[in-house]
Amino acid sequence: MSLLEYIKGRARGRLRLLVCGHPTLRRRAEPVAAVTPEIRELAERMIRTMLENDVVGVGLAAPQVGRSLRLIVLGTHDPERPLSPTASPGEMLLGPRMPLALVNPEVVWFSPETEAVSEGCLSVPEVAGPVERPKRVILRAATLDGETLQVECGGLLARCIQHEIDHLDGILFIDRLRDEDRARVAPQISLLERRAARHAGAVSAEGGPGSGA
Ligand SMILES: [Zn+2]
C-alpha cells in the first residue's frame, strides 16, 4: 500500500480551508513542541485536504486550516515519476517521500539569484500572479519521525517551501506581488476578504468542501 493510499484510508476527512481575510492567516504560528498523535493526524488530514481540494495544491501550511502551528505539507513531486537528473539535492531527498509533512521548517540560506514565477494559493482562490523569490534555499526542518533535515532545494520545491513558510509568518503571496499586479487583483482580494468576514466564527467546522470559490 502506498503512503497516499494509507493516508486516504486513515485520515478522517478534509479540513476546511481558511480564505484570506481570516485573522489566523495573518498570525505568526507557534513552533510544534512535540509530534503528538494529534499533530500526526493533523498532518495526515492536511495532506488529504491539499490533494483532494477542487484545485490540487502542491503545499499547505497549518494556519490555512485554522491551526497556528509551524507545520507544513508538501506535494510538489509525484513519487511515481522519475526525478530530473538536474534535480536539486532537496528534490532528490524529499521527492520520493511525497506527500510529506515537515515540522518547524526554516530557510537558513537564500540564493542571491531570484526568479519571478506565477503563484497561486488555496487560501486565495482564483488569484494568481508572479512572485520574485530566491531560486534556491537551504531548508532545515524535522520530519514527523523526528529526523532533522538540512538540504539545498531548487525548482518548484524551493518556491513552495518559501511560500509555505511565509504562511507560518502570516505572509500571503499577494503581499509579494509587484504594485501593478497587486492593483490588478485588488478587487478579487477585497471580495474574498468581505466574504471571509461574513463567515468568521465558522472556522472550526470540519469536513465540508474546500471554500475554493
Ligand atoms: Zn498558500
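These legends walk through several close-up views of one predicted model.

**View 1. The whole chain at a glance.**
Residues are numbered from 1 along each chain as its sequence is written. Since the model is predicted, local features need pLDDT of at least 70 and side-chain atom pairs count only at pLDDT 80 or more, while totals for chains, interfaces and linings use all residues. The protein chain has five helices and seven strands; these are DSSP runs numbered from the N terminus, with helices being H or I of at least four residues and strands being E of at least two. Along the sequence, the pattern reads α-α-β-β-α-β-β-β-β-β-α-α. Of the 213 residues in the protein chain, 36% are buried. Here, buried means that 20 or more other C-beta atoms lie within 10 Å of a residue's own, exposed means 12 or fewer, and partly exposed is in between, with C-beta atoms placed from the backbone. Among contacts with a separation of 6 or more, 73% link residues 24 or more positions apart. A contact is two residues whose C-beta atoms, placed from the backbone, lie within 7 Å.

**View 2. The open sheet.**
Five strands line up in the order S1-S2-S3-S6-S7, with antiparallel pairing. Two strands count as paired if DSSP finds at least two bridges between them. At the edges sit strand S1 (59–61) and S7, each pairing on one side only. From one strand to the next, the twist averages 35°. Helix H2 (residues 37–52) packs on this sheet and touches S1, strand S2 (71–74) and strand S3 (100–110), with its direction making about 40° with that of S2. For these angles, axes are lines fitted to C-alpha atoms, for helices over the stretch in contact, and values run from 0 to 180 degrees between N-to-C directions.

**View 3. Strand S2 and its two partners.**
S1 and S2 pair in the antiparallel sense over three bridges, and Leu60 stands opposite Val73 in S2. S2 and S3 also run antiparallel, joined by four bridges; Leu74 has Leu100 of S3 as its bridge partner. Which way do the residues of S2 point? Leu71 and Val73 go one way, Ile72 and Leu74 go the other, and all are buried.

Strand S6 (residues 137–142) pairs with strand S7 (residues 148–153) in the antiparallel sense, over six bridges. Is Gly146 buried or exposed? Gly146 is exposed, with 9 other C-beta atoms within 10 Å. Gly146 and Ala34 are 112 residues apart in sequence but 9.2 Å apart in space, C-alpha to C-alpha.

**View 4. Helix H4, largely enclosed.**
Helix H4 (residues 155–168) has 14 residues, and eleven of them are buried, so H4 is largely enclosed by the rest of the structure. Among the buried ones are Leu157, Cys160, Ile161, His163 and Leu168. At 1.5 Å a residue, H4 should span 20 Å, and its end C-alpha atoms are 21 Å apart, which agrees; the expected span is 1.5 Å times one less than the number of residues. Just after H4, Gly170 takes a positive phi of about 75°.

**View 5. The largest nonpolar core.**
This core has 48 residues, and the ones touching the most other members are Met46, Ala62, Leu71, Val73, Ala101 and Ile161. H2, S1, S2, S3, S6 and H4 each supply at least two residues of the core, and H4 gives the most, with six. A nonpolar core is a set of buried Ala, Val, Leu, Ile, Met, Phe, Trp, Tyr and Cys residues joined through C-beta atoms within 7 Å. Leaving aside neighbours within four places in sequence, Ile161 is in contact with Pro105, Val107, Val137, Leu139 and Cys153.

**View 6. Confidence along the chain.**
The mean pLDDT of the protein chain is 90, and 88% of its residues reach 70 or more; pLDDT is the predictor's confidence in each residue, from 0 to 100. Over residues 203–213, pLDDT stays under 50. Where pLDDT is low, the predicted coordinates should not be read in detail.
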